Amino acid sequence: MQSQNQNNLYLDHEKTNLAWPLYGAGLEKLGKNHAPVELAIPNPKDDEILVRVDSSGICASDLKVINLGSEHRLLRGRDLEKNPLVVGHETCVTVIKAGKKREKNYKPGERYLMIPGVFYHGKSIPIGYILDGGFQQYVICGKEILDGDEGSYLAPLNPEDGLAATSLSEPWACVDAAYNIEQRSQLKAGGTAWFIDSPVSLDRSFFDSTTYSIADAPDKVILSILNPELVQYLKSKFEPLGTKVITTSLEEVIAQPVGNTTTRFDDIILLGVNDASLISKLLGPDYLGQFGHLAILSDEKLSGDIEIDTARIHYDYLHIIGTSSADIQDAYANKRPLSLLPSGSAIIVGAGGPMGQMHVQRAAYDDNGPDLLVACDIDDKRLNTLEEYFGEYMARRGRRLVILNTSAFSNSELIKHLEQINQGNRYSDIVITSPISALVKQYSAILAPDGVMNIFAGIIKNPVIGVPQNDTVFTGQRWVGSCGVNYSQFLQTIRRVQKGLLDTNMSVAAIGGIDAVYQGYEATRDGRLSGKIVIYPQIKNLPLTDMQTMKEKFPEIASALRDGKFWTTAAEKILLEMVSSDSRKKEK
């Protein structure tokens, strides 16, 4: 085959471990001189296994680690020059050798998908962030991965499962998880709640529609309540359930030292409070804990903009909820799912990027998805890809995909144009997939009452924004976010891929070998591709090759692409057969 001979593809056959260690902050610190580093293949200890890395997807989250180095929130204090990290967490592996204590459970040749969200003895030590990840040819899996808190973090694969398809189960699981965020319909059972009122009088019956039992009551309720009748009312609600009720002033709680157990709340309920600076303070890390809910019950105008830390909403799974009524149940009521509203209208911001494309694909192929889907980006090439991939599909089903290059609009013009697209209406769902906080503020102006603002992207740079909330949280909206995926959700997504219910190969924009990792991160950083890059670490001399140029470079592989543009497991099989053939020739 001419194409394979020209490119001289071959497997390395366990001679060395080519790897891309990160030695500091910045892409220039990845590997050495834009190339992988030759390391010795590690030998597993008795309670470890050695696995070969067969495929690993490039993720924008890796770039955050690369760009920040030891300043990344998970790497603070780590000297990467002395203790480098190999990134990569979308990884399929094959067992090569098992230590004596692992021989029973792990056999050479068995294939697995790594589940990156490793917890060991209660501590989060994710693969590709703390533990070495997939951009190398071989890696050791130790007790942290094999004996984790949830069991083994290696999910078994079938012989017929595609490498790219199953590697991309990880980012797809994150996308699925974004629409399955747990939303509570009342105060957290066993948690700590804090009630705060203002001189504005509220109907005491705001709690009458909520029923609590001893099993689901909070353990502690703190009352910073000015209205003495309301204090007695709340005590009468909670004390019979065994809830500890503490009455104290707002100032006393705020004055407590940071880290005090009473300053991390599962629920903060504001009754008639319109002080924007106070609301901003309560959204900070000293008060609202992870998975916390801030509920605002008020029909009063705010005194200013609320400062929202968009990174906390994403990384700490915060919920901002509210109602203009005096009934707490209206704020906590799950009036609609957090998935895209069936037959609704949705905007995907940053839709042309790898993760944005997945959100568009999910919405387009969901039979219960939105009737109107607006894909916003600033790159015509990436937007045109979305139109090509999904526009006709949605149109055949009587639904509409609109691609919109937002770079040509001012902020006010964009909001007006989006309203016109939706016949003068606001949107039921807005999903932010670009890590830019200003976009959250910009698009919040077009979110409908009872709409969902889903902050999918992890925003690190300047995450705090000032948002006027008079027409947002007071109309039943939910602002939510999610970071990563839990163990069971990950397994569910893998099973969907294995059963053919989810075509993750549609997300593949380009492939490459071990030498192409640097080039792949450059392309991801520069946003040159609409889709994911999958690296096959066992292959050398395979440059970064996108689906559009596959026919020119590798016609044999291109012949197996679906519709001439989508990666397939059949195309992958041809690639690996070509590699094996070249490798055998090289050995001779």
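Tutor: On a 1 Å grid over the protein atoms alone, a pocket is an open set of points with protein on both sides within 12 Å along at least five of seven lines, and a lining residue has an atom within 4 Å of a point. This is a predicted model, in which local features need pLDDT of at least 70, side-chain atom pairs count only at pLDDT 80 or more, and totals for chains, interfaces and linings use all residues. Residues are numbered from 1 along each chain as its sequence is written, and side-chain values use heavy atoms, with hydrogens and water left out.

Student: What makes up the lining of the second largest pocket?

Tutor: That pocket is lined by 25 residues, and Ile 130, Leu 131, Asp 132, Val 139 and Ile 140 lie nearest its centre. Strand S6 (85–86), strand S11 (138–141) and helix H3 (143–146) are the elements that each give two or more residues to the lining. S11 gives the most, with four residues. Helices and strands here are DSSP runs, numbered from the N terminus (H or I, at least four residues; E, at least two).

Student: How many residues of this lining are nonpolar, polar or charged?

Tutor: The lining divides into 15 nonpolar, four polar and six charged residues. Asp, Glu, Lys and Arg count as charged; Ala, Val, Leu, Ile, Met, Phe, Trp, Tyr, Cys and Pro as nonpolar; the others, Gly among them, as polar. The pocket holds about 440 Å³ of space, a volume being the space filled by probe spheres set on grid points that are joined across faces, edges and corners.

Student: What makes a cavity something other than a pocket?

Tutor: In a cavity a 1.4 Å probe fits but cannot get out, whereas a pocket is an open set. By this rule there is one cavity of 30 Å³ or more. The largest cavity has a volume of about 100 Å³. Its lining has 14 residues, with Ala 333, Lys 335, Arg 336, Gly 476 and Arg 478 nearest the centre. Helix H10 (328–332) and S24 each give two or more residues to that lining, and S24 has the largest share, three. By class, four are nonpolar, five polar and five charged.

Student: Why is the contact between Arg 102 and Asp 147 called a salt bridge?

Tutor: The closest N and O atoms of Arg 102 and Asp 147 are 2.6 Å apart. A salt bridge needs a side-chain nitrogen of Lys or Arg within 4 Å of a carboxyl oxygen of Asp or Glu, so this pair qualifies. Arg 102 is in the loop between strand S7 (90–98) and strand S8 (111–114), while Asp 147 is in the loop between H3 and strand S12 (154–156), 45 residues apart.

Student: How do you know whether each of these two partners is buried or exposed?

Tutor: Buried means under 20% relative accessible area, exposed over 50%, and partly exposed in between (1.4 Å probe, protein chains only). Arg 102 has 9%, so it is buried. Asp 147 has 39%, so it is partly exposed.

Student: Where do Arg 382 and Asp 377 fall on that scale?

Tutor: Both count as buried, Arg 382 at 14% and Asp 377 at 4%. They form a salt bridge with closest N and O atoms 3.1 Å apart.

Student: What makes S15 and S22 edge strands?

Tutor: Strand S15 (244–247) and strand S22 (400–405) each pair on one side only. They belong to an open sheet of twelve strands with mixed pairing. Two strands pair if DSSP finds at least two bridges between them. Strand S14 (residues 220–224) and S15 run parallel and are joined by four bridges, so they qualify. Val 221 stands opposite Val 245 in S15.

Student: Why is S24 called largely enclosed?

Tutor: Seven of the nine residues of strand S24 (residues 447–455) are buried, so the rest of the structure largely encloses it. Strand S23 (residues 427–432) runs parallel to S24, with five bridges between them.

Student: How do you know that both faces of S8 are covered?

Tutor: Arg 111 and Leu 113 on one side are buried, and so are Tyr 112 and Met 114 on the other. S8 pairs in the antiparallel sense with S7 over three bridges, and with S12 over three bridges.
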